[in-house]
Every structure is written in C-alpha cells, then in structure tokens.
Amino acid sequence: MSSRSPAAVLKQADAGIRRAALRRKLQAVTTRMSRTLSVDLDHAGVDVGEVIEQVTEGLPMESAEMQRLVAAFKDSGVADRVIARLSAKSPVQRARSARVIGSLRMYDAVSWLADQLQSRERSVSDAAARALGRIGGAQSANALQLAIQRKGLSRRLVTELARAAPDLYLELALGEQQRPAVRPALAIAAGLRRRHTAVGPLISLLQRGSRRERVISCRALGWIGSQTSIPIIILALEDRDWKIRMSAAKALGALHAHAARHGLKYLQIDRNARVRKAAGQALYQLDHSQVEERPDGA
Amino acid sequence: MRPRERTGWDSGGPGRPVLASNLKDPAPKRAERPSPSFNDMVSRLAALEQAPIFFSLPDAQLRALARRLRRVKIAAGELIASQGEPGDTIFFIERGRCRVVIEKRPSVVTVALLSEGDFFGESATLRNRPQQASIYAQTECHLLALDRQSLHLVMAGREWETLDELRRFADQRFTLFADTSVQAGWGLLLDEASVIGVYSPKGGSGGTCLSLNLVGALARRYPGEVLLLDLDFPYSHSALLAGLIPTTCLARTASLPEGSFDDVLLSAVLYHAGGPMILPGALRPEEADEVTPELITRAIAVLRKSFRYIVVDLGVTITDATLALFDLTQHVVLVTAPELSAAKSAADAIEILGELGTPHDRLTVVLNHRSIKPAVTRPAVERLLKRPVDIEVAFDGSRPEQAAVDGVILSLTNPKSEVAKGSEALAEWLDSKHGGRREERPRDPAPAVQEELVPAWRAD
C-alpha cells in the first residue's frame with residue numbers, strides 16, 4: 001500500500017470539498033433556490049462536467065431543472081467561457097469543456113464541438129464525440145458522420161452516432177451514396193440503435209452491398225432481433241465468402257432462428273475453422289433458447 | 001493558412017470567444033447544413049402552418065423550425081415508426097398517406113389514416129413515451145422531420161405555451177388511439193361477436209348465396225350463435241332464400257326509442273331450424289334509406305353481445321351504410337367470379353379497402369365459379385387482383401338455384417355440394433382466425449343435416 005504525502009492528502013480533501021460545494025450550487029439552481037452561478041473552471045481537482053453529470057443524471061433535456069441550469073450557465077457567462085476554452089492549448093481543458101457542453105446538452109454549441117472531433121488528442125476528440133452523442137439531433141449526427149468519413153471507422157464515433165441519430169436518420173443515410181467507410185459505420189450504428197425501421201435498409205444492404213457491408217448488416221440484423229430477416233440471413237449461410245457465412249451464423253444464433261438449424265449443422269463441417277466455431281456457438285444458443293421448437297423441426 | 005475564426009454564442013458579436021484558433025490543422029470546413037432554397041422554405045412553411053398546433057407561433061419561430069426540418073422520402077409499405085420503440089422526431093406529412101396501426105395480439109387495429117397536413121410522433125418526442133402505434137407509409141410519402149433537439153432549441157424558453165399545447169395534443173391523441181384500439185377490439189376483449197362483412201363488387205358473383213351458406217357452416221359449429229345481417233339493398237332476400245318469412249326488419253327499428261330498441265331488434269331476428277339466425281335489413285326497397293350508418297352502429301353494438309359471429313351481406317353497392325360496416329368489421333370476405341368484369345371490380349374493391357385501412361390479413365378473397373367453364377383462369381384473376389385467391393368454390397351445377405327455390409341452405413342440407421364445401425372451408429378459415437380466442441364452450445352436436453330441415457311452412 002503506497003503512503004501519500006500530507007500535501008497530497010490535503011489536496012485531495014480540498015478537491016472533494018470544492019466538488020461538494022459545486023454540487024450544492026448546482027442543486028440550488030435546479031431546485032430554484034438560487035438563480036446565480038459562479039463556477040471555477042480552472043481548478044485542477046474539480047471536473048465540472050462530471051459534477052454536472054451527477055446532478056443532471058436522469059433528467060430529460062426538456063425538464064425544467066435542466067432548463068434552469070442551462071439558463072444559469074448562460075446568464076452567468078460560464079457557458080461563454082466554456083466555449084472559449086474549447087480553443088485552449090491544454091487538451092485537458094478542451095476535453096473538460098466538451099464534457100460540460102455535453103452534460104448541459106447545449107445544442108447550439110454543436111458546431112464548435114464538431115471542430116474538436118478533428119483534434120489530434122484522443123481525449124479531446126473522444127470527449128467531443130461523447131458530448132455530441134449526448135446532445136443528439138440531426139446536426140450532431142451530421143458532425144459524427146462527417147468525422148467517420150474523414151477519420152474512418154472508429155468505435156467511439158460509431159457508438160456516439162448511434163446515440164445521436166434521430167429517427168430515420170441512419171435508415172435514410174444507408175440508402176444514400178456514401179464513401180466506403182461510412183456505410184458499414186452506419187450499418188453498425190443502426191444495429192446498435194435496435195430500431196425495426198432499419199430492417200428494410202439493412203436487408204437491402206445484405207443483398208446488394210459490398211462484402212464488408214454484408215458482413216456488418218448480417219450482425220446488425222441479429223442485434224435488432226428482426227425475425228422477418230431470418231430467411232434472407234439463412235441464404236447468406238451458403239455465401240462463398242467465409243466472413244459472410246460466419247456473420248450469418250452469429251446473427252442466426254442471436255435471433256434464435258430454429259429454422260436455420262439445418263444450415264448451421266451443415267456449417268459445422270465448413271472448411272473454415274472460424275465459420276465452424278460460429279456455427280457451433282449458434283447451435284448452442286438455439287439449444288439453450290427459450291423458444292419452443294416446432295415439432296416439424298422448422 | 002489563416003486559422004478559421006468564429007465568434008459568438010448564438011451569432012457573431014463583440015467580446016465573444018474566438019475558437020479553434022490553436023488547431024494546427026483545422027479541418028476543412030464542411031458546408032454547414034445547406035440553407036433551404038426559397039421555394040423549399042415556402043413548402044416547409046406551408047407544411048408547418050397546416051399543423052393547427054403551430055398556428056399561433058410567431059413567424060420568426062416558424063421560419064427557424066422550417067430551416068431545421070429534414071426532408072424524408074419513404075416508399076409505399078415501409079415502416080416509419082415501430083410500436084413500442086422510442087422516438088425523438090415529429091414527422092409532418094407533406095405528401096402521401098400513412099396508416100397508424102396498433103398491434104395487440106391477436107388483433108391488429110388501424111386506428112387512423114393520416115394524410116397531407118397531419119403529423120405524428122409528437123407523443124414519443126415530447127412525452128418520452130414509447131411509440132404508441134406502428135406507422136406505415138400507405139403510399140409513397142414525403143415527410144418533414146423535426147427532431148427533439150431542434151424543437152427545443154427553437155421553442156424552449158420562448159414558446160412554452162406552444163410546447164404545452166403540443167403536449168396536450170399528444171396526450172389527447174394518445175387517449176384517442178388507445179380508445180379506438182380498444183373499441184375496435186372490444187369483441188376480442190369482451191368475448192363479443194366478430195363481425196364479418198361479405199362483399200361482392202359485381203352482382204351475380206354469388207355473394208348472397210355464399211354468405212347464407214357461410215352462416216350455415218358456422219351455425220353447424222355454433223348453433224344459435226351466428227347471425228346473418230342482410231344489407232344487400234334494395235332487395236334483402238336472404239330470409240326468403242333460407243325458407244323463412246320475415247315480418248319485420250332492421251329499418252323498422254330506426255324510429256324506436258332508446259329503451260325498447262334492444263328488445264325489438266332482437267325480436268326481429270328470425271331463427272332457422274338448422275341453427276343460423278337471420279335479420280333482414282329492409283323488406284321494401286324504400287325502407288333501405290332508413291338504414292343509416294348510425295342505426296347500423298347502434299344495432300351492431302346490441303347484436304355483438306348476443307352472438308358469436310355476425311355475418312353481414314353487404315351486397316354490391318358501396319353506400320354510407322357499407323362504409324360504416326367496413327369500420328366495424330373484423331374481417332372482410334370479397335367474393336368474385338372468374339369473369340373479367342367481376343375480377344376488375346374486385347381489384348378496385350381491394351384497392352378501396354386498402355385505402356380504408358383494412359389490413360391484408362383481414363381480407364379473404366373467394367373465387368366463386370358460376371359456370372362450368374370459367375372465362376378467366378385463376379392465375380389470371382390473381383394477377384389482376386395482385387394477391388392470391390384464398391378460397392375457390394367450384395362450379396356446383398344447378399344446386400344453388402334449386403336450393404333457393406326450395407328454401408334450403410346447402411351447407412346444412414347437402415355437405416357434399418361444392419358451395420357447401422367452399423363455405424365450410426371459409427368457415428374453417430375464419431374460425432381459425434377469430435374463433436380460437438374464445439374458450440371452447442360445451443355445445444350441442446350439430447343437428448343431422450337432412451332434407452327435413454325444410455321449414456314447416458313449405459311442407460304445408
């Protein structure tokens with residue numbers, strides 16, 4: 001166990017006290033006990049964004065508490081300062097500012113956050129992506145999609161795109177002409193959102209897309225749990241490409257598609273070891289699923 | 001390269017922060033959300049103004065909302081919103097029609113048809129509720145989408161009243177759809193009768209014959225629990241074809257006071273010895289005018305409590321009464337003959353029924369052969385209808401005409417006849433769809449189907 005110096009202990013205690021004080025101030029604003037707000041954004045030990053997230057946890061964007069908090073930040077000039085700090089040299093300050101903006105869901109700051117997605121510091125671009133995902137809306141989704149277009153497929157960007165995209169945004173984008181990296185990212189995001197409205201575009205991607213797109217759309221359909229897509233995924237079990245066969249087997253396992261049992265059994269003698277393994281796992285999922293198998297084996 | 005500068009919080013202004021100046025490699029600026037063209041803005045504003053909820057919104061806010069709308073084009077038949085899933089966008093219909101469907105197993109109820117000027121998605125967007133209904137594009141739809149963030153950015157803090165009004169509207173529509181779905185499925189919930197409409201768009205296709213035999217086939221399963229309501233105007237002859245003499249009819253109950261309506265209506269029902277019951281719509285052609293949609297709704301509400309199945313012979317013409325019945329039916333049976341004109345009329349009827357919101361799985365097409373050699377083959381009829389024929393009734397020689405003369409129902413007296421076989425298949429089909437939900441009641445075995453079921457008055 002490492003022993004810390006008395007100065008470090010005092011510093012930690014000081015930060016804890018300041019965090020608690022900030023939390024009380026914010027709670028006073030949300031409960032209408034106070035209308036003014038003074039926040040020290042420069043204190044090293046206090047992450048303002050984190051405290052705001054704690055206070056606003058579970059509050060919808062349109063709630064009165066949230067609106068009061070945003071109004072207090074704007075009226076006190078803290079919001080302007082937060083935006084200004086997005087141009088600070090320190091990546092820590094930029095990342096923290098992005099976090100504050102995200103936790104307050106300041107939709108009108110989306111274009112500034114979008115610039116931060118291009119930052120070379122991973123912490124800054126990740127914080128900006130997270131903030132955009134939290135804010136949501138078509139403009140945030142546009143910014144994230146553009147970042148994917150420029151930087152390629154990244155886990156953080158895709159996850160946040162799935163969070164940010166409004167209804168039918170991904171579905172329409174899947175049908176439009178896109179750069180090579182974008183459509184697979186959109187398909188993953190659509191799968192992560194788990195909306196049945198995406199089933200149609202994903203099925204057409206599975207039927208007509210590139211190899212990568214077909215692999216991803218198979219998995220996305222499995223995540224969504226679309227029973228209507230089972231016959232089309234079963235056809236993909238016989239594809240010449242082993243990745244598509246593997247992906248189809250995984251999707252059918254996730255869908256508990258008992259109708260695919262025969263095809264999956266056949267894949268257990270596939271020439272590719274990973275396909276065989278995926279088929280085995282899918283059959284295991286079928287055996288242990290709650291769905292009653294029909295007597296005819298279908 | 002000169003670093004790009006942007007000032008301002010909402011817009012430019014002195015003393016506002018200068019941003020992103022230290023980025024060594026500022027990203028090439030993507031064209032911001034392109035400003036809509038003048039004509040585009042006009043059409044967006046027109047769509048927004050059609051929504052009564054935004055009527056009182058100031059022009060500036062309306063324009064701000066219009067700028068933030070997303071154009072969405074949806075092909076016919078596509079799913080726009082899925083019941084039970086979250087939603088964050090209000091869709092305004094600029095062009096096209098959408099069907100709002102609530103699925104409550106085993107029933108699927110169309111609760112609304114939305115068209116130009118309507119909007120949907122407000123409940124999920126403003127109340128954070130899961131989508132109350134699934135919404136399908138009935139035709140190709142051009143929609144304008146307004147996401148929650150844009151709505152709040154424009155309205156929050158300024159237009160609380162409009163937002164509150166929108167929330168009230170969302171609650172009101174939520175209740176309306178819930179009520180409609182319950183009312184449409186009340187038969188299912190309260191164990192009341194399923195209403196089955198038999199419609200033949202061309203005269204001579206055998207609609208009345210089939211509905212009479214269908215009632216017979218159902219009555220063999222559930223004697224005394226199946227009613228035929230004859231609305232084939234101007235001449236309602238089902239009772240006579242079944243060998244019964246009607247003395248009163250539905251039209252004559254129109255002027256009755258509220259208190260005695262139920263009793264008089266039920267006393268007007270004729271009982272056939274084979275099990276089915278028949279209620280004529282009108283006895284004289286001029287009485288047909290008395291049968292209004294209100295009277296039908298009132299009568300069906302009473303009859304549903306007393307029977308298991310109500311089969312309604314809708315005849316040939318589409319009147320207000322027929323349209324009212326389409327709203328009340330759980331299933332529609334469309335009868336057509338293998339003739340070009342009959343098949344064409346049936347294709348038109350299917351289109352109309354689709355527009356009225358009858359789901360595909362609640363429509364059954366019966367192909368009734370009225371001659372030994374059909375003029376049009378079954379595949380040709382199916383091509384014309386753009387859907388498969390569900391049940392085919394083979395040519396039955398002169399038996400239907402002879403049965404009409406004798407006043408007997410073939411499905412009760414001659415199960416080997418083709419009409420009886422077809423009716424039996426149809427009854428089986430309908431019972432599998434609508435009968436399974438009820439508990440099996442102990443019932444008396446169906447009476448032996450013999451010629452002695454010819455009514456006494458004829459024997460005399």
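In β15(B), which residue is the bridge partner of Thr336(B)?

A: In β15(B), Thr336(B) has Leu367(B) as its bridge partner. A word on the ground rules: this is a predicted model, in which local features need pLDDT of at least 70 and side-chain atom pairs count only at pLDDT 80 or more, while totals for chains, interfaces and linings use all residues. Residues are numbered from 1 along each chain as its sequence is written, chains are lettered from A and ligands numbered from 1 in the order in which they are written, and side-chain values use heavy atoms, with hydrogens and water left out.

Now to the strand β14(B). Helices (H or I, at least four residues) and strands (E, at least two) are DSSP runs, numbered from the N terminus. β14(B) and β15(B) pair in the parallel sense, with five bridges between them; two strands pair if DSSP finds at least two bridges between them. From β14(B) the chain passes through α12(B) to reach β15(B), and this β-α-β crossover is right-handed. That term applies if, with the strands pointing away from the viewer, the path from the first strand over the helix to the second runs clockwise.

There is another partner, too: β9(B) runs parallel to β14(B) and is joined to it by four bridges. Here Ile196(B) stands opposite His331(B).

These strands belong to an open sheet of eight strands with mixed pairing, in the order β11-β12-β10-β13-β9-β14-β15-β16 (chain B). Its edge strands, each pairing on one side only, are β11 (270-271) and β16 (391-393) of chain B.

What about cover? Six of the six residues of β14(B) are buried, where buried means under 20% relative accessible area, exposed over 50% and partly exposed in between (1.4 Å probe, protein chains only). In a regular strand the side chains alternate between the two faces of the sheet. Both faces of β14(B) are covered: one side has His331(B), Val333(B) and Val335(B), the other Val332(B), Leu334(B) and Thr336(B), all buried.

Finally, helix α12 (residues 340-355) of chain B lies across β9 (194-199), β14 (331-336) and β15 (363-368) of chain B, and runs at about 160 degrees to β14(B). Contact means heavy atoms within 4.5 Å. Axes are lines fitted to C-alpha atoms, for helices over the stretch in contact, and angles run from 0 to 180 degrees between N-to-C directions.
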